[in-house]
Amino acid sequence: MAKYRTAIIACGTIGRVHARAWQGVPGNPVEIGACADTHPDARREFGEFFGIAPERRYADYRQMLDAERPDIVDVCSWHRQHAEMTIAAAARKPKAIICQKPMALSLGEADDMLTACERNDVDLYIAFQRPHHATWARARQLIADGAIGKVLQVSIDDGGNILNTNSHNIRLALHLLGEETPRWVMGAVERTTDVMERGLPCEDRCMGLVGFDSGATLLIQGELVGSRGTIGDPRRRLGQGARVTGTDGILELWTGRPPDDQLRSDGDMAQPEGSSAKYNDEYGVARYMNATSGGWVTIEAPWHDCWARQCEQVVEVIEARRTYAAATSNARHGRTVTEIMMALFESARKRRRIELPLLTKVNPLSLMVENGDLPVEWPGAYERRARLVRGEGMSWHGN
């Protein structure tokens, strides 16, 4: 029987992924108790699918929080609402909040979220779920055990903008490096079109280099490498994953999904991006090579839903079976990801290496756009995620 109730804010694809994850925690300790979304169709579809009574489906998330007083709050909204909703939820003093990545749009927002949770004694988690992949956890242990020697560099590359896609990979890199503290960042951005990501100005391409005390570096490439390609193709983009180069070998990680016809159903749901279960059913792949391996060795581990494992750790902290600091998705790690991304933008703005900790609290990319420091060649704002918006609007936020 469930011991805790969660309330989910925003009933789209990610809301469904979070809800399915709670249902996948062994022993079913968490009930999907309530939901909130401004769109009535989204509320209805979500509520019917997860068996939430109509009176527990809310248009106003603050009203839901006040009426339901959930043990856990899930913030599954678009990026621009993460800080506002997390701070509002923290004021109602749940046991825990799990907020979808990226943590925030600026380092200042991230710090506000942490402050709000600390003053209300609420544990905050940022949903970077992929370090919980079983094979990737095994890969991290192999790195720690010296399977590829001393780490020299972690390389990541993906399409899309950094907050939406490579934020995942930055979190993965930090996890693989044993949560080593970054010391400096140098970066560059390109913005030739007036592109928006969930209502926020974003870059067309970016590149960054992050330095650590150990001498290891993190190479970030966004929209710079060719196609997804096939394994072994030198033009292949890693996508969600990383390549770790050590003194004695190489380790690679990437993700895969079952065919669409094998994914779990979403029932009656608008699905412009396809089944939400593609995220829950995703699997991590990892392999390594060193001087004695005789070629690539595939890393094996029994599959589990990485989102459910993330939720399981939240329950373990609530029940004092794990410390908050030991939780893989605790918000301090999410803040470090935010700091690196903002430092990359600040390096582009100041045209020099940025020493950490970062002192700039606003989003430097937005500041450059506002100040005209990144004039576009082809004017005209457009939303990359417009296909996800319901109704007549082209964005869920004003452009």
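Student: Is Phe 50 buried or exposed?

Tutor: This is a predicted model, so every value here is computed from predicted atoms. Burial is read from relative accessible area, and buried means under 20%. Phe 50 has a relative accessible area of 9%, so Phe 50 is buried.

Student: How do I read a pair of aromatic rings?

Tutor: A pair of aromatic rings is described by the distance of the centres and the angle of the planes. The count for this structure comes to 3 aromatic pairs. One of them is formed by Phe 46 and Phe 50, with 4.8 Å centre to centre and 45° between the planes, and this pair is tilted. Both residues lie in helix α2, 4 residues apart, which is about one turn of the helix. Phe 46 is buried, as is Phe 50.

Student: Why is the pair of Phe 49 and Phe 50 called edge-to-face?

Tutor: The angle decides, because planes over 60 degrees apart count as edge-to-face. The planes of Phe 49 and Phe 50 stand at 80°, so the pair is edge-to-face, with ring centres 4.9 Å apart. Ring pairs link Phe 46, Phe 49 and Phe 50 into a cluster.

Student: Next, salt bridges. How many are found in the whole structure?

Tutor: The search finds 33 salt bridges. Read each one by its partners, its distance and its place in the chain. Glu 68 forms a salt bridge with Arg 56, and their closest N and O atoms are 2.7 Å apart. Glu 68 lies in helix α3 and Arg 56 in the loop between α2 and β3, so the pair ties together parts that are 12 residues apart in sequence. Glu 68 is buried, with a relative accessible area of 8%, whereas Arg 56 is partly exposed at 35%.

Student: Which residue forms a salt bridge with Lys 361?

Tutor: The partner is Asp 111, with the closest N and O atoms 2.8 Å apart. This pair links distant parts of the chain, 250 residues apart: Lys 361 is in the loop between β17 and α11, and Asp 111 is in helix α5. Lys 361 is partly exposed at 39%, while Asp 111 counts as buried at 19%.

Student: What about Arg 243?

Tutor: Arg 243 forms a salt bridge with Glu 252, the closest N and O atoms being 2.7 Å apart. Glu 252 is buried, with a relative accessible area of 6%, and Arg 243 is partly exposed at 27%. Salt bridges can also share partners, and in this way Arg 44, Glu 45, Glu 48 and Arg 390 are joined into one network.

Student: Which residues does Ser 155 touch, leaving out those up to four places away in sequence?

Tutor: Ser 155 touches Leu 219, Leu 238, Ala 242 and Arg 243. Ser 155 is in strand β7 and counts as buried at 11% relative accessibility. A polar contact of 3.4 Å joins its side chain to that of Gln 153.

Student: Last, at what angle do helix α10 and helix α11 pack?

Tutor: They pack at about 35°, with their axes 8 Å apart. Among the residues that meet are Met 342 and Phe 345 in α10, and Leu 365 and Met 368 in α11. By class, this contact has 7 nonpolar, no polar and 2 charged residues.

How values were computed
Residues are numbered from 1 along each chain as its sequence is written. This is a predicted model: local features need pLDDT of at least 70, side-chain atom pairs count only at pLDDT 80 or more; totals for chains, interfaces and linings use all residues. Side-chain values use heavy atoms; hydrogens and water are left out. Axes are lines fitted to C-alpha atoms, for helices over the stretch in contact, and angles run from 0 to 180 degrees between N-to-C directions. Helices (H or I, at least four residues) and strands (E, at least two) are DSSP runs, numbered from the N terminus. Contact means heavy atoms within 4.5 Å. Ala, Val, Leu, Ile, Met, Phe, Trp, Tyr, Cys and Pro count as nonpolar, Asp, Glu, Lys and Arg as charged, and the others, Gly among them, as polar. Buried means under 20% relative accessible area, exposed over 50%, partly exposed in between (1.4 Å probe, protein chains only). A polar contact is a pair of N or O atoms within 3.5 Å; within protein, one must be able to donate a hydrogen and the other to accept it, and residues adjacent in sequence count only if both atoms are side-chain atoms. A salt bridge is a side-chain nitrogen of Lys or Arg within 4 Å of a carboxyl oxygen of Asp or Glu. Rings of Phe, Tyr and Trp (its six-membered ring) pair if their centres lie within 6.5 Å; planes under 30 degrees apart count as stacked, over 60 as edge-to-face and the rest as tilted.
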